[in-house]
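Keep the structure open beside you as you read.

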Amino acid sequence: MYVAVKGGERAIENAHAWLAEERRGNGDVAELSLAQIREQLSLAVNRVMAEGSLYDPDLAALAIKQARGDLIEAIFLIRAYRTTLPRFGATKPVDTGAMDCDRRISATFKDAPGGQVLGPTFDYTHRLLDFKLAAEGGESLEAPKAAPRHQPTPHITEFLAGEDIIQREPESEAAPGDLTRQPMSFPAGRDIRLQSLTRGDEGFLLGLAYSTQRGYARNHAFVGELRIGTVAVEMEIPELGFAIEIGEVELTECETVNQFKGSKTEPPQFTRGYGLVFGQTERKAISMALVDRALRWRELGEDDLGAAAQDEEFVLSHSDNIQATGFLEHIKLPHYVDFQSELELVRKLRREAGADATREAAE
Amino acid sequence: MDETGINGTEARRGWMSLLARAPERRLMALWDAFSPRPEFNWLRRPETGAVMVRGRMGGTGAPFNLGEMTVTRCSLALAEGAVGHGYVQGRGAARAEAAALIDALMQTEAGGAVRAAILDPLEEAMQTARTARAAKAAATKVDFFTLVRGED
């Protein structure tokens, strides 16, 4: 139990003043601007938006600057800020089939209509430090161009749907649950699971996803399709009586294709795991898809193998890094009253044990 | 213009969507260069809030909540009566105000001038940026081929 303590105001003020000084670092070095963070540390910005669950690159850049680059602290700042915003409503579900794709690859279908488009990827780089980047004042770079494609890039699974060889997603317009409005309860629906996973900690989901690949709830996933790009966000505007686009967001979408032997009711077919995350966040989206698929064991009539990634309550209760860090870090705050009583208890037990020992020695 | 007709609604949907997504610097530069500036009264001053963005399971299935995005909105009425609504992505009171004024002006006789001075250049700039990105993506299109095994 945490009991409030008083005092230490001056020490706290001075600590925060020193924090501000340390944040700025050596004054001889130019200060970072938010635009620099937004443009040049964009994958950090993307992670803060995804796990902060608020799409706003400028705010995410500010949070990263304020948090000295501690991304979980930055996510905390964004989560706190979003609670101050009025909710204007909910958008229509985004149409990822109409995405303007920067990247679109498939590990399973080499001749995917629309082609395999690598985009600005770290894949196939040699992971050797590039010391040219250490020299400042490099010239601005321009990537090569080719004839642009203007047609939409349909999902690869759409081409297989005719064969029924891959599980279809049931169509529905049911209003989804919102874990920011109602406390989570178990079993949670897939809507709540996906909302929880998309804002969950990347490292935690990566570890869980990796565990499924290594054999804990093995479901042998392939990346059927991975796409990154921008989609328009549409919302009904009550005062207008029709929908307009209120913006566009960059998203990463991953669909995995998984083996499925079939069940009593379903013929053998491929099943799917789904990941959809704000920003260019590919590792997270693939992890999300693998964990989503592992959590679907019940609806697919698979066995509960007792694996962590299959345990919905375990996964959803521990994937939120702000809940986790809040509880974890609170144990460093003053617990003197608790500890005082523990100390008394241990001293008493030791006295009794000592008395027993003395008595035994005497007997 | 005929604001109640299908064409009127479709056109308004188009310019409001354009204004919502317009890059701040570009929109404000075009708006600042526009004159005459109309008199107006606020119906709702700019306020920033969040909207919950939704996705679909598997891209095509049932909806789920993906996360929120920031939006700034406002409403105003021109002295001559036209009501304009501004909805823009992000936090930008000045941008929302410009969007609402442009929305209102588009419903007046000034509509043609506003389209020529603001909407057309904005649309063109955004289309150029989009095409440039698509061209860079196209340059990274690969053709993987699987190697034939020797024993076949």
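## The interface

How much area is buried between chain A and chain B? About 5,900 Å² is buried between them, with carbon and sulfur atoms giving 61%; buried area is the accessible area (1.4 Å probe) that two parts lose on being put together, summed over both. In terms of contact (heavy atoms within 4.5 Å), 78 residues of chain A touch 57 residues of chain B.

This is a predicted model, in which local features need pLDDT of at least 70 and side-chain atom pairs pLDDT 80 or more, while totals for chains, interfaces and linings use all residues. Residues are numbered from 1 along each chain as its sequence is written, chains are lettered from A and ligands numbered from 1 in the order written, and side-chain values use heavy atoms, without hydrogens or water.

## Charges and strands

Between the two chains there are 12 salt bridges, each a side-chain nitrogen of Lys or Arg within 4 Å of a carboxyl oxygen of Asp or Glu. R82(A) forms a salt bridge with E68(B), where the closest N and O atoms are 2.3 Å apart.

Strand β1 (residues 54–55) of chain A runs parallel to strand β2 (residues 63–78) of chain B, joined by two bridges. Strands here are DSSP runs (E, at least two residues), and helices are H or I runs of at least four, numbered from the N terminus; strands pair if DSSP finds at least two bridges between them. Y55(A) has M69(B) as its bridge partner in β2(B).

## Cis peptide bonds

The peptide bond from F186(A) to P187(A) is cis, and P187(A) sits in the loop between α6 (156–161) and α7 (190–198) of chain A. Another cis bond joins S35(B) and P36(B).
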